[in-house]
Amino acid sequence: MRRLLQTILLLPFLVLGSPAAAQVPFGEASGAKEGLEIGASTSEIAITSDFRGADLTIFGALTNADELFLAIGQYDVVVTLEGPKDYATVRKKERVFGIWMNTEGMTFEQVPESYSLASTRMIDSIDEAPSLNNIGVGIDHLALNPVGYIPDSGMIGEFRDAYRRLKLTNGLYQRDTSGVRFVSSSLFRASLKLPANIPDGMHMVRAYLFKSGQLITQREMPLRVVKTGIEQAITDAAHDRPLAYGLLCVLIAVITGWGASIVFRKD
Amino acid sequence: MTVYLPIAELSVNIFIILGMGAAVGFLSGMFGVGGGFLITPLLIFYNIPPVVAVATGANQVVASSISGAITHFRRGTLDMKLGSVLLVGGLAGATAGVWVFSWLRRIGQLDLFISVLYVVLLGSIGTLMLQESVRAMRRAKNNQPLPLKRPGQHNWVHRLPLKMRFKKSKIYLSAIPIVGLGFGIGVLTSIMGVGGGFIMVPAMIYLLRIPTNVVVGTSLFQIIFVTAYTTMVQAATNYSVDIVLASILMVAGVIGAQYGVRVGQKLRGEQLRALLALLVLAVGIRLAIGLIVTPDDVYSVAAGGMSY
């Protein structure tokens, strides 16, 4: 009875999504700390050369979840798949003497080459930007730190926007704000999109649990993406044994040229 | 039918690449050129990254030059000694060229530099060839005799020191301009993915006054080694030789060349040169348009690579 009363009193706050709601003390109901478990059917994804992109499903469960908060949808889950990190350089073209050329460039430190996000709703309505920036969740909140000193901070913003836009355009960065669905009261399923041009290497699946807009716990799980097939063997050879690879290229050319001169010889 | 190019990292229609290779092979057989200066821009037009287009173009030239060089070797119209001196310069030039190539790539100006270099070279050579062939056609129409050649004429090149005797070519010439020419062509090979025959042949004839009969065979000889070397160095430093793309181009190219040779023998020299000049100019103009037209997106992103 007392709990019901509390619910009725609390509802207006919760519907408004006011952060103040999170601070309301909840007594014995929130005594145990919520936990989060995730799992995938595989820890390795083999991608063949005809790969056109796919969905990766991550299952997860909330433990010790507060029934009441569950019922009113105060738990939010965000699942991300972060690709291997590398430097990324954004360049800007300008017209110089009638010709378009790269005039400015900015290199960002160690950013994920790919990033796929699934969430229960728009992440910006889950939490406020500053705290999302802190934990680096969401395409707009990833840390993009330029290498070296850039005096003009307006330029940094401009290049960051361009970077995010280009990554979203070529599909390496994706977001699906309804990609996480609760299949039962505490069990959820997240569908992450793997782009066709997904880089190979160590990826990281990260799941974040938010309660009333506060990050309360997170889990992570490595996922290896391996490209298979003859094309990948060629790429590996080109990078791991470049001299032998170059020699093979020349050899093919010699055989082709020589062969043609024998086959088509007139006399 | 699509085929995935592992180094260019994109899927292409195999028939378009085959067609490109065959067409360029046909033209190279018809005009007696290597075809690198056509294949590289065509690949760029087909959205192959310029880095890959240049390195793969050099690889393709190896194949297209070999059968020609073999023919000249059999006929005895190949000066090995002259070719070797050219090669010394060529290898040095190719090394320097790859270094410049990597540096331009690092500062993000490679694509622009390749295009500008192509526009300048194709534009000037196309114009010169067109003028020359139109003049020749007019002369033929008016039945004027060819102006007399003056083989004994010497220029500043022949006053340079370090003279060497080239028996097969029957010339006595300083090694400096030969190495210099080889060097320049070597640089072009690694930056533009061309054999450079279309520059080397006129330079050898008009500047070094080397007898015409050995010029083509000797230039092909040096082109084979410089392009093979460039392929190796590009593979080792920029990882940009696409073996799948190169193989398709080479096979289509050598077959196309055989038919090109037959057609070329039926056409008159000056008409042939005028056609080639128009083709060269067309490719140059198309590249120039690409430089001037406002790009879809002024921003671009490159993974890795540090820019300062």
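Modeller: This is a predicted model. Chain B has 308 residues, and a compact globule of that length would have a radius of gyration near 19 Å; the value for chain B is 20 Å, so the two agree.

Biologist: What box do the C-alpha atoms of chain B fill?

Modeller: Taken along the principal axes, the box is roughly 60 × 45 × 35 Å.

Biologist: How many helices and strands does chain B have?

Modeller: Chain B has 10 helices and five strands.

Biologist: And what percentage of the residues in chain B is buried?

Modeller: Buried residues account for 49% of the 308 residues in chain B. A residue counts as buried here if 20 or more other C-beta atoms lie within 10 Å of its own.

Biologist: Which part of the contacts in chain B joins residues at least 24 apart?

Modeller: Of the contacts in chain B between residues at least 6 apart in sequence, 80% join residues at least 24 apart.

Biologist: Which strand of chain B is joined to β5(A)?

Modeller: Strand β5 of chain B (residues 299-303) is joined to β5(A) by five bridges, and the two run antiparallel. In this pairing, A:Arg91 stands opposite B:Ser300 in β5(B).

Biologist: Changing topic: in what order do the four strands of the open sheet in chain A come?

Modeller: The order is β1-β3-β10-β9 in chain A, with antiparallel pairing. β1 (35-39) and β9 (180-182) of chain A are at the edges with a single partner strand each, so one side of each has no neighbour in the sheet. From one strand to the next, the twist averages 25 degrees.

Biologist: How many bridges join β1(A) to its partner β3 of chain A?

Modeller: Five bridges join β1(A) to β3 (residues 54-63) of chain A, and these strands run antiparallel. Within this pair, A:Leu36 stands opposite A:Leu62 in β3(A).

Notes:
Residues are numbered from 1 along each chain as its sequence is written. Chains are lettered from A and ligands numbered from 1 in the order in which they are written. This is a predicted model: local features need pLDDT of at least 70, side-chain atom pairs count only at pLDDT 80 or more; totals for chains, interfaces and linings use all residues. Two strands pair if DSSP finds at least two bridges between them. The radius of gyration is taken over C-alpha atoms; the globule rule is 2.2 Å times the number of residues to the power 0.38. A residue is buried if 20 or more other C-beta atoms lie within 10 Å of its own, exposed if 12 or fewer, and partly exposed in between; C-beta atoms are placed from the backbone. Two residues are in contact if their C-beta atoms, placed from the backbone, lie within 7 Å. Axes are lines fitted to C-alpha atoms, for helices over the stretch in contact, and angles run from 0 to 180 degrees between N-to-C directions.
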